Amino acid sequence: MATPNLPQPPPEGEWVYTYLKLLPQWQLLALSHQSMIPISISRVNQFDAARLDIEMSAMLKEQLVKVFSLVKPGMLFQYEPELDAFLEFLIWRFSIWVDKPTPGNALMDLRYRDERAMESRGKVRTGLEGPGLTIAQKIWYCIATVGGQYTWARLQSFSAFRRWGDSEQRPLARRAWILIQRIEGLYKVASFGNLLVFLYTGRFRNLIERVLKARLVYGSPNMNRAVSFEYMNRQLVWNEFSEMLLLLLPLLNSSSVKKILSPFSKDKSSSSKVDDDTCPICQAIPAIPFLALPCQHRYCYYCLRTRCAAASSFRCPRCGEPVVAMQRHGGLAGNTNPNQ
């Protein structure tokens, strides 16, 4: 029995040859100077991964603070930089040191790759291959992120506590304070420049990654970034609705709204059973009773006088009639203009 002739699999580099053959001539000339296939990593994914790492650190810090809830108040605040450094070290120890992505990178399907090794690499299949970070890169990453942030936080708190910036009698402390401010300014300028370059190229989202040549690439080329916008849309709708209410509610007159809604009240006989002895504003028995004219409803003197002074077109809450004057209840005095 003759065996059927099965098709032979294509050579390993056949797909690269086909990919280059289908490219336009100008792109082929540009790729001839490159040693690997260019890839584009979503900038949004990289920023989201950094934000998720920050949120994870905040959650761990919150749980750790609850452990020391019975400690003397204020004592934990003195060691806050050490606590932050300890949490960052734990995240680095159980993620980057063991060649695993951080929690934010794992959720965004990202991993660190040694870009220096890819520059001297030959043929690649997807552009996402490449070794992870070396031991030296991992150690320097820990020194820069954990040790650098801790040292800088402690230096700023110490200089602020010692008032180096206000010290006029010690020129050395003043110079150190000026040097700290200049270093911080240069770092912010360099970070801003790196941000512009990152937005243009999509590589190295911060200065530490750029110096160490630690690039974020996709961990799996077949994983899609699936995001459900249902929760986001709901939050946006409720946020806009609450802002609209905050804008409109101060413009509404409560007495006018009550007058409009009074015909739809279920208890039609409630208005006839209102106790005429109480003030419609403060719902108390008036100590100095005054009558609103022309409706003859009884008010406290101060309640009626302040409402009429605040609004020249004040209407009685019980009947809706405009109050044009006020008269003392049971008195012989003449009418008083409430706006005087």
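This is a predicted model: local features need pLDDT of at least 70, side-chain atom pairs count only at pLDDT 80 or more; totals for chains, interfaces and linings use all residues.
I looked up F241 in particular, and its place is in helix α11, residues 230-248. Its relative accessibility comes out at 38%, so F241 counts as partly exposed. For background, nonpolar side chains in soluble globular proteins tend to be buried together.

**Cores.** Next I went inside. Which residues touch the most other members of the largest nonpolar core? I got I41, I96, L110, Y112 and Y141, out of 18 residues in that core. At least two residues each come from α5 (80-93), β1 (110-114), α8 and β2 (214-218). Another core, of 13 residues, lies apart from the largest one; I jotted down F290, Y299, C303 and L304 as being among its members.

**Helix α9.** I checked the span of α9, which runs over residues 171-201. From first C-alpha to last, its 31 residues reach 45 Å, close to the 45 Å expected at 1.5 Å a residue. Which of its residues are buried? I found A173, I180, E184, N194 and F198, so a glutamate and an asparagine sit on that list too. The cover over the buried residues of α9 includes α3 (43-67), α8 (135-162) and α10 (207-212). Just after the helix, G202 takes a positive phi of about 80 degrees.

I went on to look for positive phi outside glycine. D99 has one, at about 60 degrees. I located D99 in the loop between α5 and α6 (103-107). Is D99 buried or exposed? Its relative accessible area is 56%, over the 50% cut-off, so D99 is exposed.

K213 also turned up, with a positive phi near 60 degrees. Its loop is the one between α10 and β2. At 30% relative accessible area, K213 is partly exposed.

Last entry: peptide bonds. I found a cis one joining L293 and P294, with omega about 15 degrees. P294 is in the loop between β3 (289-293) and β4 (297-300).

How values were computed
Residues are numbered from 1 along each chain as its sequence is written. Side-chain values use heavy atoms; hydrogens and water are left out. Helices (H or I, at least four residues) and strands (E, at least two) are DSSP runs, numbered from the N terminus. The expected span of a helix is 1.5 Å times one less than its number of residues. Buried means under 20% relative accessible area, exposed over 50%, partly exposed in between (1.4 Å probe, protein chains only). Contact means heavy atoms within 4.5 Å. A nonpolar core is a set of buried Ala, Val, Leu, Ile, Met, Phe, Trp, Tyr and Cys residues joined through side-chain atoms within 4.5 Å.
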